[in-house]
Each structure stands twice: as structure tokens, then as C-alpha cells.
Amino acid sequence: MSSSERLILKPAAVFIGRGPLHRDWAVLVDGERIAAVGPAATLGAPADAAVIELADATLLPGLMDLHSHVLLYPYDRTSWNDQVLREPEALRVAHATNAAGATLRAGFTTLRDLGTEGAGYADVGLRAAIAQGVIPGPRLIVATKAIVATGTYGPKGFAPECGCMPLGAEEADGIDSLTRVVRDQIRRGADWIKVYADIGWGPRGESRPTFTLDELQLVVDVAESSGRHVAAHASTPEGMRRAALAGVRTIEHGNDGTADVFALMAERGVALCPTIAAYEAIISYGGGGLGGEPFTPEPEAKYASMRAALASGVTIVNGSDVGVFAHGDNARELEALVRYGMSAQQALESATAVAAEILDLDGEIGTIAPGMLADLVAVGGDPLENVSAIRDVRLVLQRGRIAAERSLTAL
Ligand SMILES: [Zn+2]
């Protein structure tokens, strides 16, 4: 299909990225952008447009997962330590190539990929390969290596005199080193800066804050000077508090977040990316977390923190930590968000319009409106009634081109 062709999509309903479903609406795509959306009867479709009938399907903006690791795959297949320590980068990129294809076929057209976990800057090359059409995959927003305080991140537990062990992230501390590392990651292609505000490095392996408030503020200042935002891994109330005060854009996980810290985040406009799906996957694997931290999730604690988060009014954005579990199964997080108390509409908003705002891409993606890029997904049934409907992907459009489709003739 050439990019100048026009398409009319006729689903049973349209979810524009916010609000309720619109029944009997249609969408006109002209080239790579949406030209019109509205009631099918009055859309004014041009005669030369190709019509795609999507009976009984709902059309949504392409879905977004704002916490992925395309360069990891499930730990029950190969442990995190072994992926980081033993696998050549080319092998990891080969896995990531499959991951990218599976993600796109699942209707996810944008990922914010938060750290290569020892695979260097491979995310920058994957981003280019997808953008150039070399391999199929979602738009990637990448963080490269991610930044950790010295001595806090894995692989851990090896002979301490050996200083040559591969690490899952880049160490930096203090004013000079943090400034240089943030700028270096930007030079090498980072769209976002990912920083670990806490991790399991206490004397008994427990999660403790890592960087001081001054250090986190410096990271944010340097990154924001370049127009880039910071995502902070944080689960302890103090790590979250420091990250929120420092001005990060999102806090990842927030597992032990309290009403007070969520209120601070809401006040400061810091969003929560809860990664419930990874939390649950780690329970099913019997423990163990990123960076080799001894992490034993407690389901009740996560429920309690999500209840506090929802009550606080903090913005919640969809992000699953996929890679901990299988790529292409990103729907897990939306299902979890609903199980933990969001409506299906709120969960879908967090994966479309809200996600686009967090990424500063709300003028391009995340909603179905004239002028927006035609990143679209059609799913069987009504995902606002049952969010698992997003698993029944019928059609994926990426910039107006069909990226994946399933038995259209049968619809
Ligand atoms: Zn992660």
C-alpha cells in the first residue's frame, strides 16, 4: 500500500483514547495520518478510499506500554544473571527482534524501553531498525543503560576482588560522574534517562534508597536541560519521595508506596507506572528481581499500595515491565490494573491518551483525532466491558500501513 492511499475503517465502535465507546463511528486514514473520525453515516468518505469492514470489532489508538525491556526474556527460561553474564549481545538482539514483532502483533505500537540490562546501547540500534522498516516492531523510546549508584546493582555475589563483571546498568555517583554519564547516555541515543532511586542493597538485601536527593536533582536538571525526562525505579517510600521531590516524570513500581508519597506525587505531577504484571510474574517464579536483587513480592502489599495510589489521584500510566514475562503478553498489565481497582476505561486511557502525554507525544499518538498518526488497533468485542478483549487483535495499523491482520475476510 502506498502512503498516499486512503482507507476507511468501519468498526462496530471507536475508543478515541478517552471517554466511552462511540458506536457506529468510522475512521478515515489518509497516508500516515487520520483525516477524519465520526459517525459513519456522515463521515463523507471519498469514493476512491479502500473500505475495511471490522464488524464486531472496536478500534483503539495503538496501545502503549511505558515500561518494557525488549532485551530481556522471561527469567523462568533463563535467569536474569545468566542473560546478563553469559549471553553475547547478538544473541540478546536476536531475542529482542522476536520480542519486537510479537509486541506489534499484540497491538502495542509504542514502548518506552527502560534499560538494556547489560546489553549496552543495543536499544538504540533496535529503535533505528524498526524506524527504518528493517524489522517489524513498535516505536521504541529508549533509555540505554540506565543509571545506578556504585555497588547497588547486579549481577552480585561474585568474588569481590573481581572488578570486571558485566553489570546490568551503568554506575555513577556525585556531581561530576552523574553529569557525565547522563550526557554520555544522551549522546549515545537515550530518549529518556532511567535512574534507580532505590534497590535491594541493604545489609540484609532489603530495598534502601541509593542516590541522595541532591544527586537525583542533578540527574533531572541535566536530563531536562536537553528536553529529556527521567524515570525513576523506586519502591520504598523514601526512594519515591526523593524521586518525586527531584522532579522525575514517572516512578516505576512504587510497590511500598504510601498515601503520603502518592499525594506528593500527585501534587508534583509525577506519574506512577505500577508494573503489576511483573510483580505477579516474579511471584510465580518464586522470587528474584532485576539486578539480581533478592525480591520476594507480597501480593497484599501491592494491593494496599495500589488502593492508596488510586485514592490519591496520582496519574497512573500503563507499564508492565514486560521482559520479566513474555513479550506480546503486554495485555497482562491492563488486566491487572482492572483487577487492582481501575475501570477498563481508565486502564485503556492509561495505555493511550495518558501514555502519550507522559511521553510528550500527545500531538502525534494516543488519541484518534484528525491529524494524528494512524497508529491503530482493532480488537474483537468491547474492551471497555471486558479489557481482555484487547487480546483478540484483528488489525494493527502503524502510520497508516497494515502491520498485522488476522482473517479479515472472515469478519
Ligand atoms: Zn524494568
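The axes of helix α4 (residues 174-187) and helix α5 (residues 213-225) come within 9 Å of each other and cross at roughly 35°, where axes are lines fitted to C-alpha atoms, for helices over the stretch in contact, and angles run from 0 to 180 degrees between N-to-C directions. The structure is a predicted model, in which local features need pLDDT of at least 70 and side-chain atom pairs count only at pLDDT 80 or more, while totals for chains, interfaces and linings use all residues. Residues are numbered from 1 along each chain as its sequence is written. Helices (H or I, at least four residues) and strands (E, at least two) are DSSP runs, numbered from the N terminus.

**The α4 and α5 crossing**

- The crossing of α4 and α5 is right-handed; a crossing is given that name if the near helix is turned clockwise from the far one by less than a right angle, and is left-handed if the turn is anticlockwise.
- On the α4 side, Gly 174, Ile 175, Leu 178, Thr 179, Val 182 and Arg 183 meet Glu 215, Leu 218, Val 219, Val 222 and Ala 223 of α5, with two residues in contact if their C-beta atoms, placed from the backbone, lie within 7 Å.

- Three strands form an open sheet in the order β6-β7-β8, with parallel pairing, and two strands pair if DSSP finds at least two bridges between them.
- Strands β6 (63-68) and β8 (139-142) stand at the edges with a single partner strand each, so one side of each is left without a neighbour in the sheet.
- From one strand to the next, the twist of this sheet averages 15°.
- Strand β7 (residues 108-113) runs parallel to β8 and is joined to it by four bridges, and Asp 113 stands opposite Val 142 in β8.
- Helix α3 (residues 122-131) lies across β7 and β8 and runs at about 155° to β8.
- Val 124, which lies in helix α3, is partly exposed, with 18 other C-beta atoms within 10 Å; a residue is buried if 20 or more other C-beta atoms, placed from the backbone, lie within 10 Å of its own, exposed if 12 or fewer, and partly exposed in between.
- Once its neighbours within four places in sequence are left aside, Val 124 is in contact with Val 142, Thr 144, Arg 188 and Gly 189.
- Val 124 and Thr 352 are separated by 228 residues in sequence and by 23 Å in space, C-alpha to C-alpha.

**Helix α9 and its buried face**

- Helix α9 (residues 299-312) has 14 residues and reaches 20 Å from its first C-alpha to its last, close to the 20 Å expected at 1.5 Å a residue, the expected span being 1.5 Å times one less than the number of residues.
- The buried residues of α9 are Lys 302, Ser 305, Met 306, Ala 309 and Ser 312.
- Seen down the axis of α9, these buried residues fall within an arc of 125°, so they line one face of the helix; the arc is that of the directions from the helix axis to the C-beta atoms.
- The face of α9 turned away from its buried side carries the exposed residues Pro 299, Glu 300 and Ala 311, whereas the cover over its buried residues includes α7 (259-268), β16 (271-273) and α8 (276-285).
- Just after α9, Gly 313 takes a positive phi of about 85°.

**Strand β18 and its antiparallel partners**

- Six of the six residues of strand β18 (residues 393-398) are buried, so this strand is largely enclosed by the rest of the structure.
- Strand β17 (residues 376-380) runs antiparallel to β18 and is joined to it by four bridges, with Val 379 opposite Val 393 in β18.
- Strand β19 (residues 401-405) also pairs with β18 in the antiparallel sense over four bridges, and Gln 398 stands opposite Arg 401 in β19.
- The hairpin of β18 and β19 has two residues between the strands, and in this hairpin Arg 399 takes a positive phi near 50°.

**Backbone details to note**

- A cis peptide bond, with omega of about -5°, joins Gly 154 and Pro 155, and Pro 155 lies in the loop between β9 (147-148) and β10 (170-171).
- Asp 56, found in strand β5 (residues 50-61), has a positive phi near 65° in a residue other than glycine, and is partly exposed, with 14 other C-beta atoms within 10 Å.
- Asp 321 is not a glycine, yet has a positive phi of about 70°; Asp 321 lies in the loop between α9 and α10 (331-339) and is buried, with 28 other C-beta atoms within 10 Å.
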